Amino acid sequence: MSISVETFFLDPSAEGTLQARIQQMVAQGILAGRFRPGERLPSSRKMATHLGVSRITVTLAYTELVADDYLTSRGRSGYFVSDNAPEPPAFPAQRFHTGTVDWARTIGQRFTPGLSLDKPADWADYRYQFIYGQTDKTLFDSANWRLCALRALGMRDFSALTSDYFDGDDPQLVDFIARQTLPRRGILANPDEILITMGAQNALWLSAQVLLNSRRRAAIEDPCYPALRTILTQSRCQLSVVPVDEDGLPPQDLPDQTDVVFTTPSHQCPTAATMSLERRQALLDKAEAEDFVIVEDDYEFEMSFLKAPSPSLKSLDKNGRVIYVGSFSKSLFPGLRLGYLVGPAPFIREARALRATVLRHPPGHIQRTVSYYLSLGHYDALVRRMSKTYHERRQVMVDALNEHGLTIAGQGTYGGSSVWLKAPPGTNTTELAEKLRAKSVLVEPGAPFFASETPPQEFLRLAYSSIPSSRIPEGIHLIAEAIQSN
């Protein structure tokens, strides 16, 4: 690998001859770990031109660095960082200039903490991965995804790949969502009622920004997706939390003067409870009577392997009060970051304008790749394969939980990829999760999902999307063992 000449510059405040300053500049780069053994330095001619010095000055500096074993010369090939060069220190480099800005005063709005969920980057290295929302490489159809990505790179799709849509989307993807994806949820929508987003979370953020202000009230489920609570807190709206029961959000418990309700009726997050058809209709009736709108997050609707999913709220809506959020990130892979908003045209127009000011549009190549993956039937085949595997894993997990006397607190009617567990009273699942990590077991404590400053500590979420069936019983045994010894 060659080191770019653009990474070099002479410090005007440094002392010494030009030759000495060039030597110091290169040596510091090696000592800091920026330049690594085997990497090639710019030629003496290129370095001299870049720095505005004579070539002989650079050559003499390089020669001294060779003598000190910082560099090695390979004849016509040039100069390289020596394999014997001093290694950078193991401790992090210290910054000597702390700056004079008082950031506590300068920051106008605060956006920390973030998701408040701890998902280690090395989750795949754990043997018992009861972690939610990750991709199982044994199930993902990487071959056909690669073919679709290559097809989207072809000259036929040059415009989709390279165009700046400004505030638009790939018409081919929008058309497929309108004609194929949404009708499966009983939803009919025109292209001007669909907006592609950077995942469901971006769709929720756009909805909150367009619908809410400091005078309006939003109602959310408790427990709920922690990032949604953060989004609404940042919007500075008035926020009400409504405890869910075994059927999800109870419409009768919504406070008066509510403007927007955020709900996950098909798979309540995180309990997996399914809202009954009667309750869905009651929620819609209340929305019409009290003049509020509903944002329906229909994540994981594809994973309905226990029986056919109930109709989406959007499909039952006769008055245009439901804004629908869908995502491909759960069913394909989380790094895809692609979802969609469906709602009345006036709302989508405002959400589109807001999106354009923040990120313009999701990358055209990604949109076109997904379009091909959907239209060629690969997506449906993947969903069928995942549903079959998830069904098997869920049954193995339920059997193991029952064997150890552990209680499933949320019974989803249709499927999904996780279960919501309630440990015995007095169990602190945050501490439990830390103990289990030492045994290569990853679980998600339930406390971050609750809005209370003193949330219940006995809940946890166990996902089966990434762990093979063969490892589930032993993993559950370790969890039960840790709970008993807690």
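User: Which residue in E15 is the bridge partner of Pro445?

Analyst: Strands (E, at least two residues) are DSSP runs, numbered from the N terminus. Two strands pair if DSSP finds at least two bridges between them. In this predicted model, Pro445 has Leu460 of E15 as its bridge partner. Strand E14 (residues 444-445) and E15 run antiparallel, joined by two bridges.

User: How many bridges link E12 and E15?

Analyst: Five, in the antiparallel sense, with E12 spanning residues 418-422. Lys422 is bridged to Phe459 of E15.

User: Are the faces of E15 covered or open?

Analyst: Buried means under 20% relative accessible area (1.4 Å probe, protein chains only). Both faces are covered. Phe459, Arg461 and Ala463 are buried on one side, Leu460 and Leu462 on the other.

User: Which residues touch the most other members of the largest nonpolar core?

Analyst: In soluble globular proteins, nonpolar side chains tend to be buried together. A nonpolar core is a set of buried Ala, Val, Leu, Ile, Met, Phe, Trp, Tyr and Cys residues joined through side-chain atoms within 4.5 Å. Here the largest has 61 residues, and Phe130, Leu332, Leu462 and Ile476 touch the most other members. Helix H14 (residues 378-403) gives the largest share, nine residues.

User: What does the side chain of Asp297 reach?

Analyst: The backbone nitrogen of Tyr299, at 3.3 Å. Asp297 lies in strand E8 (residues 293-297).

User: What about confidence and numbering?

Analyst: Local features need pLDDT of at least 70, side-chain atom pairs count only at pLDDT 80 or more, and totals for chains, interfaces and linings use all residues. Residues are numbered from 1 along each chain as its sequence is written, and side-chain values use heavy atoms, leaving out hydrogens and water.

Conventions
Helix = DSSP H or I, 4+ residues; strand = E, 2+ residues; numbered from the N terminus. Polar contact = N/O pair within 3.5 Å; in protein donor to acceptor, adjacent residues only side chain to side chain. Buried < 20%, exposed > 50% of the residue type's maximum accessible area, 1.4 Å probe, protein only.
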